[in-house]
Amino acid sequence: MTHYLAELYSPKPAWLNLDAEARRQFFDGIGAGMGPLMELGIEPLALGKVDADMLHAPTQQFFAIWRAPDAVAMRALVDGIAASGWHDYFDTVNATGVGHDLNAHLAQLAAV
């Protein structure tokens, strides 16, 4: 079953204190780690800056939406993000699970 990850994140002081060269090196490592994840069928669907003017906007500044073909691939993505050192530099909230259509989700909510 297809799994999704919605990440919300903001830079920590450790990121803000890195110079441009250290940031480039960090991003080079992120890029190198993406190949094996993409081979698992993981797809980045959308990444960007949060619209802070939207009703009920989160406090985090950025978002990423990912899709994976199954729980194993999703675990590889979440573990890979952690192993990259991402959480040393970004305060992150992860929401992940199986994706459903609207009616199935409404049934989930009704069952609570």
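**Close-up 1. Trp86 and its contacts in the predicted model.**

**Close-up 2. The largest nonpolar core.** This core has 17 residues, and Trp86 is among those that touch the most other members. Leu5, Ile42, Trp66, Met74, Leu77 and Phe90 belong to that group too. Which elements give two or more residues to the core? They are β1 (3-11), α2 (20-39), β3 and α3 (71-83). The most comes from α3, with 5 residues. In soluble globular proteins, nonpolar side chains tend to be buried together.

**Close-up 3. Gln60 in the loop between β2 and β3.** The strands on either side of this loop are β2 (43-49) and β3 (62-68). Is Gln60 buried or exposed? Gln60 counts as buried because its relative accessibility is 15%, and the cut-off for buried is under 20%. Which residues does Gln60 touch, not counting those up to four places away in sequence? They are Leu8, Tyr9, Ser10, Val50 and Val93.

**Close-up 4. His56 in the loop between β2 and β3.** His56 is not a glycine, yet its phi is positive, at about 65°. Is His56 buried or exposed? His56 is exposed because its relative accessible area is 73%, and exposed means over 50%.

How values were computed:
Residues are numbered from 1 along each chain as its sequence is written. This is a predicted model: local features need pLDDT of at least 70, side-chain atom pairs count only at pLDDT 80 or more; totals for chains, interfaces and linings use all residues. Side-chain values use heavy atoms; hydrogens and water are left out. Helices (H or I, at least four residues) and strands (E, at least two) are DSSP runs, numbered from the N terminus. Buried means under 20% relative accessible area, exposed over 50%, partly exposed in between (1.4 Å probe, protein chains only). Contact means heavy atoms within 4.5 Å. A nonpolar core is a set of buried Ala, Val, Leu, Ile, Met, Phe, Trp, Tyr and Cys residues joined through side-chain atoms within 4.5 Å.
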